[in-house]
Every structure is written in structure tokens, then in C-alpha cells.
Amino acid sequence: MTEARKKRITHGLMAAWSGSIIVFLYLPILCVVLASFSRQRYFRFPVPAFDTKWYDRAFSSLTVRDLVSTSLSIALLVALISVILAFFGALAFARFDWRGRRIYQRLVLLPIFFPQAVLGLALLIWFSSVGIIPDWRTAVIAHLVWIVPIVTLVISIQAYSFDPALEEAAFDLGATRWQTLKEVTLPVLWPGVVSGGLFAFLLSWGNFPLSLFTTGADQTVPEWLYAKMVSGYTPLVPTLGALTTSGAALVLILGYGSWMLLRRRKSQRASP
Amino acid sequence: MTAATESTLSDSTRPAPRPQRRLRNPGLLAALPVLIFLALAFAAPLLAVLGYSFMPEGTFDFTFPPTIENYHTVFSGSYYISFVKSLGLALVTVALLMVICWPIAYGMAKIFGRWANLMTLAIVIPLFVSENIRLFGWVLFLIKGGVLLGSLQTWLGIEAESILYDVPAIVLGLVYVYLPFTLFPMVLGISMVSREVTEAAFDMGASRWQVFREVELPLAMPGILIGGLLTFILSLGSLAESKILGGQAVIMIADEIETAFTFGQNWPLGSALSVLLILFSGTLVITLLNWVDLDRILGRGRDD
């Protein structure tokens, strides 16, 4: 067998393996979608009869409306706050050379390398020690502990490719610190900021272990789904599961789409 | 004209130096918001846990004289069983994921070219679907009469037992959930292996296996270790996989901690268990992070 042929076969095998892993990743999500269209109360395969009645029920349910609005409020706040904190955090991580940077980089990563359920419980007893009664706002704080470091990493990767000479040039041309930040640094890091915000929103939207212990009397969609999976199963579980999944996909597609549109418009403006 | 007058002259023609144009330590200033936030919402809660772990059983504030009875309870009880089981499951998960991910990571870093971006997207998207929805999907797939067994029975006439609610199902869940956490750092690691180095090794007569063992593996090691450790720590402290897919087959250590805090209403005991778990995983994490060069992995040392 020739070298080239051997190589082709190996590459083909690798591609096939990668493809089957992607199928593996989507398989359970497809099962949830399938179950959400089943008419029966309990899922059976092959599905005897399809129906969309559980969707009608989900859309008219007040509980579902409450759950979605709680999850949405948390995710939006988390995205907003984490992007602001992480923007500066990433400058300190990747852009500036300063004495404490090495330690700082490692400190910031610690919350990512931490079991989330334990973090949620630690926050719960911390809140109660200082006399804060948990509700959805404390869940925002809990999500931020885990998500700010992730967004910092995402923006940092962008910031590594940032040429400090750009900022220096702006300074030398007489720009103030604030002008430099707004006119030079932010536009350069903008892709990282957008994807960081998107990450933050989606990770918060789907988070379960942190919410479980920190939302108090309020409930997010993943928490409700878990409670119903464990006891008191209703066919609304796959339905709401499929709905939140398509919600996340929609946000992702809209975010990506508007980003591409923006970039195209910008490049058109740059080269008329 | 003397040198002194010359310098005063030229100074007056220049714009006056603007004071404080460059801050003394912009890095620290930029880091401050994140650091303050993490001090209040990450370090402080951990200190609270540490404090509670020394309080008498069943208390809910810090006003009692410290005691080590909780640690005594932990070490004399059967908690080590949960710990060892969680440890075993985490190790199996990491080992399986290393083998599963290597060909994919290698392909994404070196071979697939433009397709690698698309693959990244395809692997990231499921991460945004809540973990327990995806695990529930596995229940639907594996349960008796579900997608797998239902189709086996209907189309092939095979009756089989479900693997659900036992150890293999938990391992499946862990491998499934943490695959991207192993994969992406591994891709970063492998992209640090430069093509020239492997080609040089081949030119000098190394076999494929030798190149893998002596060149690619050591050079990609930082990324591999970061991914492996991340997966290990997260599986060690996982909760949902064993609860949703495992029934009561295995009580994970995170399960014990949760029970102590919630049903047991014994915060000091839960805290003592948490402290031990945190000490164990924290030592590993800090050792590893100290060893790797983050700047190189994340941005500055990227090849091709």
C-alpha cells in the first residue's frame, strides 16, 4: 500500500469517527424533540401517534411563563454584567504586563475548575450567613462566579491577538484614556465581547447545578424540568425541554447571523 | 547659547506634558473589578464553608467554639465509599475520553482544515442545552420501550435489558457531558505541535508510533492535562448524571454533600465533606496551573 493511500484511509477513518461523535452528541436532543411530539402520556418507541397538544399546553401554561421569565431575567443580567467585568478582566489577563498577572490568571481560572454543585451550596450558606434570602437575584451572582471566568477567557483569546502599538498610537495622537478605550480597544475586542456575551447568556440559560441551590423560592426552567423528571413526570418535560433547546438555538443563530451581517456591512464600508 | 537655555526653549515649544497619561499599573486596575467580585462571591463563601466545618453538628451560625467532630464523623463513617466510587468513575471517564477525543482533536488541529470551524460549532451548540435535558434524552433513548430497545424489539425482535440505572449508564452520561471539556483543550494542545518538528522527526527515520510518543504527545501535554483535569474535577463533583441516569446505583460524593446540607440539615457535616473535596481537587488544579504556560496555550504560541 502506498503512503498516500494509507494516509487517505487514516484521514477517512478520523473523519468518520468525528462524524459519529457528533451524531452521539445530538442523539439525546433528538430523542427529547421526538418525545415532545408524542401523543401518549408516556414515551414509547416507535411513537404510535404524533400530536402537538403538549405544545399548546406549554404555551398556555402560566407556570411555564413564570419559569421562562425567571430564566430569561437571570440570563440577560448575567450576560450584561459578565461582559462588563470580563472585558476589563481580559485586558488584565492578556493585554497588560503587570506584576501580579501570573497569579491573577490562575485565580480567575479556579472557579471553572470547581464542582458546581458544591459551589452552589457554598453560596447558599454564605448568603444565609450574611442574612440574604435567596431568590433569582442571588442565582445571578452564583452564575456570575462560574461565567465571568469563562467570558474572561473568551475575550482574552481575542485580546492576545491585540497589538499594543495601536493603543500607543492613539495616545501619541492625543487621545484620552477613555477615547482610546472606546475608539481602539473596544472595536478590536468586539468579536470576543459579542461571543462572550452570547456564551454567558446561553450558559446561564441552561445552568442547573448552580440554580438548584441559589434561586430560593423562584424556579428556573432547568430546575423545574429536573423536579418533574425525578417525581411527578408530565409530558410537558420533553416539550419544554425541546422548546428551551430551540430557544437557545434561535439565540445562537440570530447572534451569529447579525454578527455576520454587521461584519459584511463593515467590510463594505471599508472598501467601497 | 548654553545648553540650559536651549532646553528651556525647546521645552516651551513642545506641548506641556500631560500628567497621568499612563496609569502606573493599568493591569491591576483592570483586574480589580473581577478580583473584588471573586473575593466576595467565591473566596468568601469558601471561607464560610471552612468556618462551618468546625462548628458543632446541626448548628447554623458561627457562635460556637470550634470542634473537629465533623471531620471525625467523616473519617469514621462510610463516606470514603462514595469518595472512592466517585474517584473511580471520574478516572474511567477521563481515560475513555482521552482515547475518544485524540483522533478528533488531532483531526481538528491538523487535518480537517476549514471543516474544523464547523465541527467546533457543532460540538459547542449542545453545550448550551441544559445538561439535564440532554441527560433526560438519554433516558428516553435507553429506557425499556425507548428508542434503542423499542427499535430492537420492533424491527429485529430482540428483547434486551436496559443499561439504565446502573454504572454503565452513569459512565455514558459523564463521557457524554464532559466530552467537549476534554476535546477543546486537547485541540489547543495539539495545535502547539509544529508541523516542522514532526516532519523533522519523520525525516530522521522515526516511526509513526515514535513520533506520537516522543514528539506529539509531550508537546501537546499541557492541553491534554488541562482538559483531563477539568473533566476529572467536574466528574468527581458531578451530581446530575448519577441522579438522572444512575438511579440509586451509585451515591456520588456530591450527593452526600447535598444530602447533608438539605435533608440532613447538617451544615457543618456537609461543610466538612466539601472542604475535603475542595482540598483534594484544589491541590491538583493549583499544581497543574502552576506548571503550564497559559499565555502559550491560549494565544501567543499558536502554530499554523
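## Overall fold of chain B

Chain B holds 14 helices and 0 strands, in a model that is predicted. Read from the N terminus, its elements run α-α-α-α-α-α-α-α-α-α-α-α-α-α. With a radius of gyration of 27 Å, well over the 19 Å that the globule rule gives for 304 residues, chain B is more spread out than a compact globule.

Along the principal axes, the C-alpha atoms of chain B fill a box of roughly 105 × 70 × 35 Å. Of the 304 residues in the chain, 41% are buried. Among contacts in chain B with a separation of 6 or more, 74% join residues 24 or more positions apart.

## Where chain B meets chain A

Let's turn to the partner chain. Here 70 residues of chain B are in contact with 74 residues of chain A. The most is given by helix α2 (residues 26–52) of chain B, which brings 17 residues to the side that touches chain A. That side of chain B has 50 nonpolar, 15 polar and 5 charged residues.

## Two loop residues with positive phi

Most residues other than glycine have a negative phi, so which backbone angles deserve a look here? One belongs to Y165(B), whose phi is near 60°. This residue sits in the loop between α7 (147–156) and α8 (167–190) of chain B. Y165(B) counts as partly exposed because it has 16 C-beta neighbours inside 10 Å.

Another case is Q265(B), not a glycine either, with a positive phi of about 50°. Its place is in the loop between α12 (253–261) and α13 (267–291) of chain B. Is Q265(B) buried or exposed? With 11 other C-beta atoms within 10 Å, Q265(B) is exposed, since the cut-off for that class is 12 or fewer.

Key:
Residues numbered from 1 in each chain as written. Chains lettered and ligands numbered in written order. Predicted model: local features only at pLDDT ≥ 70, side-chain atom pairs only at ≥ 80, totals over all residues. Contact = placed C-beta atoms within 7 Å. Helix = DSSP H or I, 4+ residues; strand = E, 2+ residues; numbered from the N terminus. Nonpolar A, V, L, I, M, F, W, Y, C, P; charged D, E, K, R; others polar. Buried ≥ 20, exposed ≤ 12 C-beta atoms within 10 Å, placed from the backbone. Rg over C-alpha atoms; globule rule 2.2 N^0.38 Å.
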